[in-house]
Amino acid sequence: MSSSPAASEVSPIADAAPLSLCARSPHVPADRLVAEMVPPPRFDSVRFATYIPDPNQPSQTEAVRVLEGFAAGLGGAHAATGGKRGFFGFGKARAPKVPAGPRGVYLDGGYGVGKTHLLASLWHATPAEPALKAFGTFVELTNLVGALGFQQTVQTLSGHRLLCIDEFELDDPGDTVLVSTLLGRLVDAGVALAATSNTLPGKLGEGRFAAADFLREIQGLSAHFRALRIDGEDYRHRGLPEAPAPFSEELVTKAAYATQGASLDDFPQLLDHLAKVHPSRYGALTDGVTAVCLTDVRPVPDQSTALRLVVLADRLYDREIPVLASGLPFDGLFSEEMLNGGYRKKYFRAISRLTALARDAKGLIAAG
């Protein structure tokens, strides 16, 4: 039963009352975290051939060319177990040792230029069994270490051909050291790396921390990657109508009751609930949910809450779950101070993704 006050005022139209995210506290076992390290449902069917480069942005075409060559070069034996060719699959076969140069590719670009599409395409194109490839966000990778422990994570991932890390973000010095050490161990084991981010590797810490140790770790990480810049505008807004204005609470509630599998929650209550659920469980929080309906959307009160909302927005976007809301438009969620601060890239990404999901939800009003 939904915890939203509006829910009790409307007679059910669907077979059951709406679900409530606030009523869920999922437990996610460690083995599920490993098994789910694959491209999210939104990117199940993407391939290099389905990426349409902007003719005005030659860097997009170049990125596809480089990544196709990178994937082809991963078809040989694992670097730790047999001979293989050069970084992009060219040159003479050599003895099994780790290359001295970069062991990964780093896709840098703004929001919505298709970085995740390309990263998932690389995962699909790499000629190896799915069990030998891993795909996850930076947060999911750190959560995996938390669930398995560092040594077990190294052991679990060391036999992989490829590790893809989406939305590479370093939010605190502790995570920086952790991931730097992890990637170094995986490179030593012969694992190829690929990552996306909105910031070049050598600039990851700008605007957040100034500690010398932190910046030194950033420089160490950047040495693992060949950086590929991908220019372009956000495809989610390219040629699309403006984001729909929020609907009334009555219409949102009615749509929630009319949509099988929809959830209905008061937005401030949901933000409070997110503080009680570890971000590694936000995906499980949405299991079986076909649409998320929110009432009384208002500005996010603080940065900790805002960062949790970013993770939820990513999980909803990955799963293509439409979001229908009343209250404030999504571009008003974050204060000017937040949008001008060190986490601004995360907040703009969340706005972009929630706006896309709001467009997807417009049909729920017509159906209701």
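I call a residue buried under 20% relative accessible area, exposed over 50% and partly exposed in between, using a 1.4 Å probe and protein chains only.

**Ground rules.** I am working on a predicted model, where local features need pLDDT of at least 70, side-chain atom pairs count only at pLDDT 80 or more, and totals for chains, interfaces and linings use all residues. I number residues from 1 along each chain as its sequence is written, and side-chain values use heavy atoms, with hydrogens and water left out.

**Whole chain.** I looked up the secondary structure and found 14 helices and eight strands in the protein. These are DSSP runs (helices: H or I, at least four residues; strands: E, at least two), numbered from the N terminus. Of the 368 residues in the protein, 52% are buried. I then checked contacts (heavy atoms within 4.5 Å). Among contacts with a separation of 6 or more, 84% join residues 24 or more positions apart. The protein exposes about 15600 Å², and carbon and sulfur atoms supply 54% of that area. The areas come from the Shrake-Rupley method with a 1.4 Å probe; for residues, only the protein chains shown count as cover.

**Backbone, entry one.** I turned to Glu167. Its phi is near 55 degrees, a positive value in a residue other than glycine. Glu167 sits in the loop between strand E3 (162-166) and helix H6 (173-188). Is Glu167 buried or exposed? Glu167 is buried, at 8% relative accessible area.

Next I looked up Asp296. Phi of Asp296 is near 60 degrees, again positive in a residue other than glycine. Asp296 belongs to strand E7 (residues 291-297). With a relative accessible area of 27%, Asp296 is partly exposed.
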